[in-house]
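Reader: Please take a close look at the charge pairing between side chains, and at the backbone beside it where that helps.

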Amino acid sequence: MKNESPLVVVAYHSGYGHTARLAESVRAGAASVDGTKVELVSVDGITEQEWSLLDTADAIVFGSPTYMGSASPQFHTFARDSVQRWTERAWTDKLAAGFTNSGSKSGDKLHTLEYMALLAAQHGMLWVSLGLLSGWNSSTSDENALNRLGFWLGAAAASNIDEGPELMHDSDLRTAEHLGRRVAEQAHRL
């Protein structure tokens with residue numbers, strides 16, 4: 001990595017505000033690691049300046065809602081438009097991670113995270129997993145545990161489709177914060 005103070009960029013699309021709230025939690029987690037610079041980039045209408053920011057980042061954390069079992073169309077457009085970076089190998093050896101949200105507890109979020117991991121692999125990036133055990137899978141745990149939904153590839157959240165982002169589950173937000181912190185720690189290690 002090239003920066004003394006690693007730069008983590010959270011590149012996300014949010015349809016109704018839930019994924020934006022997760023992005024902010026990832027940002028807060030990464031920023032909690034001393035010496036880390038963090039920027040948020042909404043990929044819906046991304047600018048050349050924001051592309052350049054991604055090119056200079058040490059780590060990119062991808063985020064998208066899960067719609068119909070995959071990332072949003074806007075995130076897919078961003079992925080397609082990253083082909084110039086792919087051709088130039090501009091993101092090779094950067095760290096990558098991902099997060100997603102859907103209305104259902106499962107909601108096929110794993111497919112969205114796999115899509116992001118594959119995008120990162122195509123770019124030659126190094127994937128950072130969540131690094132947590134499943135938090136709510138025994139009679140002695142509860143829904144407030146980190147990683148309550150039991151995802152390992154990245155952070156996942158479930159939000160009721162009839163409620164706004166202000167009512168998101170605290171465990172999901174703290175899990176996203178954990179992911180951001182983990183990515184920043186790995187960026188410092190490299």
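Author: A residue is called buried under 20% relative accessible area, exposed over 50% and partly exposed in between (1.4 Å probe, protein chains only). The model is predicted, so local features need pLDDT of at least 70 and side-chain atom pairs count only at pLDDT 80 or more, while totals for chains, interfaces and linings use all residues. Residues are numbered from 1 along each chain as its sequence is written, and side-chain values use heavy atoms, with hydrogens and water left out.

A salt bridge here is a side-chain nitrogen of Lys or Arg within 4 Å of a carboxyl oxygen of Asp or Glu. The model has six salt bridges by this rule. Three of them are described below.

Aspartate 172 and arginine 148 form a salt bridge through their side chains, with N and O at 2.8 Å. Aspartate 172 belongs to helix α6 (residues 170-189), whereas arginine 148 sits in the loop between β6 (126-127) and β7 (155-158); the pair therefore ties together parts that are 24 residues apart in sequence. Helices (H or I, at least four residues) and strands (E, at least two) are DSSP runs, numbered from the N terminus. Aspartate 172 counts as buried because its relative accessibility is 2%. Arginine 148, at 6% relative accessibility, is likewise classed as buried.

The phi angle of asparagine 147 is near 55°, a positive value in a residue other than glycine. Asparagine 147 is also buried, because its relative accessible area is 3%.

Glutamate 177 pairs with arginine 181, the N to O distance between the side chains being 3.7 Å. Both residues lie in α6, four residues apart, which is about one turn of the helix. Glutamate 177 has 28% relative accessibility, so it counts as partly exposed. Arginine 181 is partly exposed too, with a relative accessible area of 28%.

The remaining pair for this account joins arginine 80 and aspartate 81, whose closest N and O atoms are 3.0 Å apart. Arginine 80 is exposed, since its relative accessibility is 56%. Aspartate 81 reaches 34% and is therefore partly exposed.

Methionine 68 is not a glycine, yet its phi is positive at about 50°. Methionine 68 lies in the loop between β3 (59-67) and β4 (70-71). With 85% relative accessibility, methionine 68 is classed as exposed, whereas asparagine 147 is buried at 3%.

In short, aspartate 172 is buried and so is arginine 148. Glutamate 177 and arginine 181 are both partly exposed.
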